[in-house]
Amino acid sequence: KTLAAAARAGDGIMFGSAIQSALIDPDSDGDETYEQRAAAEFSLIAPENDLIWEVTEPTEPTREGGEWVHNYAWNRAEEVVDFADRNGQTIIGHHLVWHSSVPSWWPRMPGPDGKPIPNPEAYTPQVVREFLQDRVEDTVNRFEGRIGYWSVVNEVFAENGSWRPSIWQRAYPNPVPDSYGYIADSFRWAHAADANAKLYINEYGVEGNTAKARALYDLVKRLRNDNVPIHGVGFQTHRKLTDGLTGFADMLRRFADLGVEVYITEMDVRIHDTATSGVELLQQAEVYGRAVRACLDVAACKFINLWGFTDAHSWIGTVFHIGWGRATVLTNTLAAKPAYNRIAAEL
Ligand code: XIL
């Protein structure tokens, strides 16, 4: 029995994973076992990096007759969407607006720690708004009716609950840097482009009662009060072994009481590469199990999505937390780890 089948037979939720276009590419050698497993195991698929702005718009737009002409590259996203269509899987689109995927053509400047960051003043506020609107509308339009859920804005808060600085804040004529305007507009534009897609805000570090979780709560409440079309809240759920995840179900419920759905959108649980004893693997299974339980305990929780399903292809260990690469539910050779069995048992 697959995780998707177990989830369907249980509470009727969807169960998915992020996948990478390069590994399912029918034209390249790809990875057949990866591809077959991704097709069979899940009812939900997220393109891991294939829809982000820097990938879909690799060159600067040009101006013709008062309009922006965009040079989009949809091929990678199309591959994943075609794959999911062939396999009858629902797709979640990651992410329309994210500070971390500003294309390389956007001019950079030194950030607070000297590292280059996108320069918010590289374009006039008017142009920044046009770029943002086109990014949101054109992307949602392109996949209208095919992508059922969109992560509209991702990671808009810093850990202390203040707005994360971004290139979009200045585009709104507020006296202080404020993200509310671009966030609300992004939801409205996405909704106008596909009225049937479910739109959510996505964040990490909000599974417990953190300053960031409280800020996110206030934001969602305000968006709902203003009738902004927001339908869900995504909890990334990138966790580690010591995370008790106590209070996660309560947090999900708190948000659900605002009238939105809630989702686990990017789950993984990092453990060190040298953690070969069964103990860590069982602890890892326990953390996965608790998160799954929390979702199942809350009626408004509609899907659980893993951020990669095999240790052979996980961002943990290569991008985030080098040396901690055993964060997923299957081994390098796609064998079930205790976490996999634990999830199956919970579902
Ligand atoms: C990660 C991808 O998994 C990596 O391959 C990429 O290099 C960086 O982004 N939160 C998110 C995801 O919302 O989009 C991130 O994905 C992981 C953290």
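**View 1. The end of helix H5 and the glycine that follows.** Just after H5, Gly88 takes a positive phi of about 65°. The model shown is predicted, and local features are reported at pLDDT of at least 70, side-chain atom pairs only at pLDDT 80 or more, while totals for chains, interfaces and linings use all residues. Residues are numbered from 1 along each chain as its sequence is written. Helix H5 covers residues 75–86, and its twelve residues reach 16 Å from the first C-alpha to the last, close to the 16 Å expected at 1.5 Å a residue, the expected span being 1.5 Å times one less than the number of residues. Helices (H or I, at least four residues) and strands (E, at least two) are DSSP runs, numbered from the N terminus.

**View 2. The buried residues of H5 and their cover.** Ala77, Glu79, Val80, Val81, Phe83 and Ala84 of H5 are buried, a residue being buried if 20 or more other C-beta atoms, placed from the backbone, lie within 10 Å of its own. Elements that cover these residues include strand S1 (14–19), helix H2 (21–24), S2, helix H4 (53–56) and S5, where contact requires C-beta atoms, placed from the backbone, within 7 Å.

**View 3. Parallel strands around S9.** Strand S9 (residues 149–154) pairs with S5 in the parallel sense over two bridges, and Ile92 stands opposite Tyr149 in S9; two strands pair if DSSP finds at least two bridges between them. S5 (residues 90–93) is in turn joined by two bridges to strand S2 (residues 44–47), again running parallel, with Leu44 opposite Thr90. Strand S6 (residues 97–98) is also parallel to S9 and joined to it by two bridges, Val97 having Val153 as its bridge partner. Five bridges link S9 in the parallel sense to strand S10 (residues 198–203), where Ile201 stands opposite Val153. Six of the six residues of S9 are buried.

**View 4. The shell around the ligand.** Glu48, Asn49, His94, Asn154, Tyr204, Gln236, Glu266, Trp315 and Val319 are the residues around the ligand, each with its C-beta atom, placed from the backbone, within 6 Å of it. By class, this shell holds three nonpolar, four polar and two charged residues, where Ala, Val, Leu, Ile, Met, Phe, Trp, Tyr, Cys and Pro count as nonpolar, Asp, Glu, Lys and Arg as charged, and the others, Gly among them, as polar.

Notes. A residue is buried if 20 or more other C-beta atoms lie within 10 Å of its own, exposed if 12 or fewer, and partly exposed in between; C-beta atoms are placed from the backbone. Two residues are in contact if their C-beta atoms, placed from the backbone, lie within 7 Å.
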